[in-house]
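Subject: Handing over the structure

Hello,

Here is the structure I promised to pass on to you. Please open it beside this message, and my notes on what was found follow just below.

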Amino acid sequence: MTFVLDNPVYDPPMEPYVSIVYQDDDLLVLDKPSGLLSVPGRDPGLFDSLATRVQKRFKHALMINRLDKDTSGIVLMSLNRKAHAAVASQFENRETDKSYIAVVWGHVEPESGQIDLPLAIDPHNKPRHRVDHEGGKAALTAWRVIERLPLPATRLRLHPKTGRTHQLRVHMQAIGHPILGDAFYANDSALAASSRLLLHAQEVTFRHPDGHDVTFTVPCPF
């Protein structure tokens, strides 16, 4: 199957309806599937989202971090305002440690590296973003090769040191290795290589509201 560029039809997956990885009195750790919005869009046809699904059961749950619609993986929601303030501030202040798995086009060399390129929204092609050396905000991504695949493609572990919109997707495109299945940034071959965006938020470490450091991991589905 080939991913359809800018497909206007929103058809989010229904099974599982909500996948809860961990729950306590303060937090929910959720596994968001690819194709589901983190929060509802403005259009009524975009109302279904991870947040609205969770709030049917947990009325006061609030989103702490978000993922792009086509990115899968870990999303955190708070169950009270104290917990929300405690954890959300860590994301805002870059005090969390996050890692993603991606499969990108081509064989990446060397074994590891960093991408330090400022990013800004593309004013002529919204909602896409672009590298902008004059008006962009600082963005830093560390990467490490997991394995090289025969497509040719490379499985990478990505560590965003900043949290810019579409950061990992634009950074990988900028070094000539777009993420497979990326309808916004992939070339034709990389787009056709996967029916979904091969980007997954696999692990996050942060300080729980009770004061202890915690790490949660959601296995990569590809």
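Let me start with strand pairing. Strands β6 (residues 112-116) and β9 (residues 140-149) run antiparallel and are joined by five bridges; Asp116 has Leu140 of β9 opposite it. Before going on, please note that this is a predicted model, in which local features need pLDDT of at least 70, side-chain atom pairs count only at pLDDT 80 or more, and totals for chains, interfaces and linings use all residues. Residues are numbered from 1 along each chain as its sequence is written, and side-chain values use heavy atoms, with hydrogens and water left out.

Two terms will come up throughout. Helices (H or I, at least four residues) and strands (E, at least two) are DSSP runs, numbered from the N terminus. Two strands count as paired if DSSP finds at least two bridges between them.

Strand β9 also pairs with β10 (residues 153-160), in the antiparallel sense and over eight bridges. Within that pair, Arg144 has Arg157 in β10 as its bridge partner. The link from β9 to β10 is a hairpin of three residues.

Next comes strand β4 (72-78), which has several partners. With β2 (27-32), β4 runs antiparallel over six bridges, and Leu27 has Ser78 as its bridge partner in β4. With β3 (62-63), β4 is again antiparallel, over two bridges, and there Met63 is partnered by Met77. Strand β11 (199-207) pairs with β4 in the parallel sense, over two bridges, and Gly73 stands opposite Ala201 in β11. Seven of the seven residues of β4 are buried (buried means under 20% relative accessible area, exposed over 50%, and partly exposed in between, with a 1.4 Å probe and protein chains only).

What about the helices? In α1 (residues 50-57), the buried residues are Leu50, Ala51, Thr52, Arg53 and Val54. The cover over these residues of α1 includes β2, β3 and β4. Helix α3 (residues 167-174) is mostly covered, with six of its eight residues buried: Gln167, Leu168, Arg169, Val170, His171 and Met172. After α3 comes Gly176, with a positive phi near 85°.

Now for the interior. A nonpolar core is a set of buried Ala, Val, Leu, Ile, Met, Phe, Trp, Tyr and Cys residues joined through side-chain atoms within 4.5 Å. The largest such core has 38 residues, and the ones that touch the most other members are Val54, Met77, Leu156, Leu158, Ile179 and Leu199. Strand β5 gives the most to this core, with four residues. Another core, of 14 residues, lies apart from it and has Leu27, Val29, Ala83 and Val204 among its members. Leu158 is in contact (heavy atoms within 4.5 Å) with residues including Tyr100, Trp143, Leu168 and Leu199, leaving aside neighbours within four places in sequence.

Among the lining residues are Asn65, Ile74, Phe91, Tyr100 and Glu203. Strands β4, β5 (97-105) and β11 each supply at least two residues of the lining.

Finally, some backbone details to look at. Most residues other than glycine have a negative phi, and most peptide bonds are trans. A cis peptide bond joins Glu109 and Pro110, with omega about -5°, and Pro110 sits in the loop between β5 and β6. Another cis bond joins Lys126 and Pro127, with omega about 5°; Pro127 is in the loop between β7 (119-121) and β8 (129-131).

Arg94 is not a glycine, yet has a positive phi of about 60°. Its place is the loop between α2 (81-92) and β5, and Arg94 counts as partly exposed because its relative accessibility is 49%. His166, in the loop between β10 and α3, also has a positive phi of about 60°. Is His166 buried or exposed? His166 is buried, with a relative accessible area of 10%.

Best wishes

Key
On a 1 Å grid over the protein atoms alone, a cavity is a set of points where a 1.4 Å probe fits but cannot get out, and a pocket is an open set with protein on both sides within 12 Å along at least five of seven lines; lining residues have an atom within 4 Å of a point.
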